[in-house]
Amino acid sequence: MAGMNKLQTLLGDPSTLLRVKSGKPFFMAHMIAGYRSDSESEQVAQALVKGGADIIELQIPFSDPMADGPTIAVASEDALKAGATVAKSLELLKKVAAFGKPVAVMSYTNPVFRYGIPKFVKTIADAGASALIVPDCPFDTEEGQALIAACKENNICFIPVVSPGVPEERLKQLASAGGGSSSGGKDLLGFVYCTSRQGITGATSKFAKDLADFATLAKRVFNLPLAVGFGVKSKEDVQSLAKIADIVIAGSVFVDAIKASGIGTVEKTIREIIQTE
Amino acid sequence: MSEKHTYGGAYVPEMLWETLQKLDAEFENAKKDTAFKSEFENLLKNYSGRPTPLIFAARATEELGGAKIYLKNEGANHTGAHKITHCLGQALIAKRLGKKMLIADTGAGQHGVATATVAAKLGFSCKIFMGRIDMERQRPNVFLMERLGATVVPVEYGTKTLKDAVNEALKFWMENLDEAYFVIGSVVGPKPYPSMNRYFQSVISREIRAQLQEREGKPPDVVVACVGGGSNAMGSFDDFIHEKSVQLIGVEAGGRGKKLGEHASRVLSGAEGIFQGYKSLFLQTEDGQIAPTHSISAGLDYPGIGPELANLHAEGRVELTYATDDEAVAAVDFFAKLEGVISALESAHALAHVQKIAPKMPKDSIIVATLSGRGDKDLFNFARAFKDESFREFLKDEYGRYE
Ligand SMILES: Cc1ncc(COP(=O)(O)O)c(C=O)c1O
C-alpha cells in the first residue's frame, strides 16, 4: 500500500475538520504555470508559500479554459505566448513541489488527454504532486474513469469540482466514484472543490445565496473536507467563507496583483487576504 | 461499433450536468409530442419557407459532362441559410423549458442573425457573443442582429473569433442557467446537442429524397455538403445513412495551405481531442492546445467537427475531403454564371468538389449538392476576392455619403 501523499497528510490531521469551527481554514493559492514566464512563476510559487499558502494549485495553461473568467483566461494565453508548454509546466511542478507544500495540478481535459492519461498522472506523481483537478472531465466518461484508475495507482487525489445547484443525486454519484467514502473513495477524492456560485473564476465576490446550504449538503454527502473558491479576493471574503469552508481558494486576485505591480506584490497580497486577526 | 471511435459525450463542468439532463429529457418528450412537431413544421413552412427547391443544374451538368447535378437550395430559407432550422427547433425546446433568453455564439454572424431572428419572432430576449475580430469583419451582420433587437457582446480574448465566442457563450450560460438557453449553431457541443440539431436539420435529406423521387424516380448516387461543424451535412445525409448505395461526402475548408493554421480541415490534420463539451477530431498542437484555423468562409473556420460525423467518417460511411479558398471562390463564379445561383462561400466548398467529381461519373448518375446558404452575406468578401476596383470606389463613395 502506498503511503499518504502530502495533501492527505495535511488533511488527515484530526484537527482538519475542526478548522471550520475555529474559523481558520486552510488556504489554497492558485497560480498559472509559465505566467508571466517560467522563472517568474517559480518565484510566484515561492511567494505564495512564504506568504502562508497551505496548498498550491498549479494550473497548466490551456488555450480555451472554459471554467475560467477573463483574468485567468488572458493570463493563460499570455503564458502560452511566453512559451509555456505541458512539458515545461511539469518541470515547474517539480520545483514548486520542492517548496514543501502539497500541490494540486489543475488543467483541462484536452492537454491531459493528448499527453496520455496514465502517463500524465504518473508524471505529476513523480514530480511530487498530490492531487489533480480537471473541471471539464466528468468521472463517468471513459477519460474520467481512466483518470480515476491512474490516480489510484499513483496515489494522487482526484478532486471533484461541484457548484451550488448540483443535485444531491449527482453529488452521491460523484461521492461513490472512488468506490465510496468508506473504502478507497476518501483517499482518492481528498477534498471537494466547491465553486462559490455557478459560473466561472474571476474577481467578483458574488457568492451564491444558497452556498452555505449547499456546502452543508456537500459535506454530508462526501464526508470530506470542503474547499470553496471562485471570486475570493479579500480578507472579508476569506472570513465569510471561513464559516463554511475547510479550505479557501483564491487565484484571479494574484493575477490581478501581478498585472498591476509585478510579482513583488504576491507575498503581500496573500498575507493581506489570509490574515484572520 | 468500435470502442476507439465513440466520439461525442458531455465533457462539461458538473454545474451543467442537470441542465443537460433536463434538455435531453425535454427533447425526448418533444419528439413524441405531435403538437411540438406540428408547431415546428408550421414555422418551417410558413416562416422559413420550406420546402426549399431542388434545382436541376442543367447547364452546369452539360458543361461538366458527367453526372446529373442537383442543388438543394437551403439558401432559399428565411435569413439565407439552413441555420434557421435548428434555431427554430431549439427555440421551441427553450420555450418548453421555460427559458426567457436565447444566447448564441456566432462567427460570420449567420447563426447570430438566425438566432436573433427566431428570438424576435418567438418573444425571447437575445444575447449574441462574437469575437472582436469577427465583429469588425462582419459589421453588416452585427448591424442586422442589433436591428433584430439582440445585444451583440464582443469577445476580447483568445483568437477573438468563433471558438472564443463559443467559450464566452458557454461561460455566460453557466452563470445564467435558470434564465438562458444556449442555442448551439451546429451539430457540435455536449450531448444532446449534436443529435438534436441533426434531428431538426434532417428535414433537408427527407426533402431531397421526396423531391428526387418525384423528378427522377430514384435516390441520388452521391450527396455532397460542406462541413464546418457539420449541421447542413448531417441534415443532408441523415435519411440516407442506412442506404449504402448513396455515397456521402463532406467537404471541409482547405484554406490556403496544408500547414496547421492555414486551413480548417480536420481530415487534413485533425487529431482526437476533447473540447467545448465533446470528443471528436480537432485541429490542435502536439501539446493539446487548440490551433488557430483559417478559411475564406467564416462559417467553416472552426477547429472541431460534429462527433456523429466524425463517427460516420471513422466507420467509413462518410467520406471527408476538402476544397481550398481559391477553389471555393471559383465555384461561386462557375455556378453564378451557369445557374444564376450565387452561393455562400461555405457552400461553395461543396460545389467545388462537385466540379471535381461530376465529370468522372456516368451520365445517368445523380449528385445532389447542398447549397447551405446564399451568397448575399459574402458580398464584401467576394468583391475583395475578385479584387473588384469599382466596389472599392463604391465603399469610398459610401463613406463620403455618410458625412
Ligand atoms: C451558409 C453556411 N453553410 C455552412 C456553414 C457551416 O456550418 P455547418 O457545417 O454546421 O453546416 C455555415 C456556418 O455558419 C453557413 O453559414
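This is a predicted model: local features need pLDDT of at least 70, side-chain atom pairs count only at pLDDT 80 or more; totals for chains, interfaces and linings use all residues.
View 1. Residues are numbered from 1 along each chain as its sequence is written, chains are lettered from A and ligands numbered from 1 in the order in which they are written, and side-chain values use heavy atoms, with hydrogens and water left out. Chain A and chain B bury about 3,100 Å² between them. Carbon and sulfur atoms give 54% of that area. A:Asp64, A:Met66 and A:Arg114 supply 22% of what chain A buries against chain B, more than any other three residues. In contact (heavy atoms within 4.5 Å) are 39 residues from chain A and 34 residues from chain B.

View 2. Five salt bridges span chain A and chain B. The rule asks for a side-chain nitrogen of Lys or Arg within 4 Å of a carboxyl oxygen of Asp or Glu. One of the five joins A:Asp64 to B:Lys163. Their closest N and O atoms are 2.8 Å apart. Side chains of opposite charge can pair when their charged atoms come close. Polar contacts between chain A and chain B number 17 residue pairs, both residues at pLDDT 80 or more. A polar contact is a pair of N or O atoms within 3.5 Å; within protein, one must be able to donate a hydrogen and the other to accept it, and residues adjacent in sequence count only if both atoms are side-chain atoms.

**View 3. The side of chain A that touches chain B.** Helix 4 (70–81), helix 6 (109–115), helix 8 (142–154) and helix 9 (168–175) of chain A each supply at least two residues. Helices (H or I, at least four residues) and strands (E, at least two) are DSSP runs, numbered from the N terminus. Helix 6 of chain A gives the largest share, five residues. By class, this side has 18 nonpolar, 11 polar and 10 charged residues. Nonpolar covers Ala, Val, Leu, Ile, Met, Phe, Trp, Tyr, Cys and Pro; charged covers Asp, Glu, Lys and Arg; the others, Gly among them, are polar.

**View 4. A salt bridge within chain B.** B:Glu26 and B:Arg96 meet through their side chains, at 2.9 Å from N to O. The pair links distant parts of the chain, 70 residues apart. B:Glu26 sits in helix 1 (residues 17–32) of chain B and B:Arg96 in helix 4 (residues 83–96) of chain B. The whole structure holds 44 salt bridges over all chains.

**View 5. Backbone exceptions in loops.** Most residues other than glycine have a negative phi, and most peptide bonds are trans. A cis peptide bond joins B:Arg50 and B:Pro51, with omega about -5°. B:Pro51 lies in the loop between helix 2 (34–48) and strand 1 (54–56) of chain B. The bond from B:Lys191 to B:Pro192 is also cis, with omega near 10°. B:Pro192 is in the loop between strand 6 (180–182) and helix 9 (193–201) of chain B. A:Phe230 has a positive phi, near 95°.

Definitions and conventions:
Buried area is the accessible area (1.4 Å probe) that two parts lose on being put together, summed over both.
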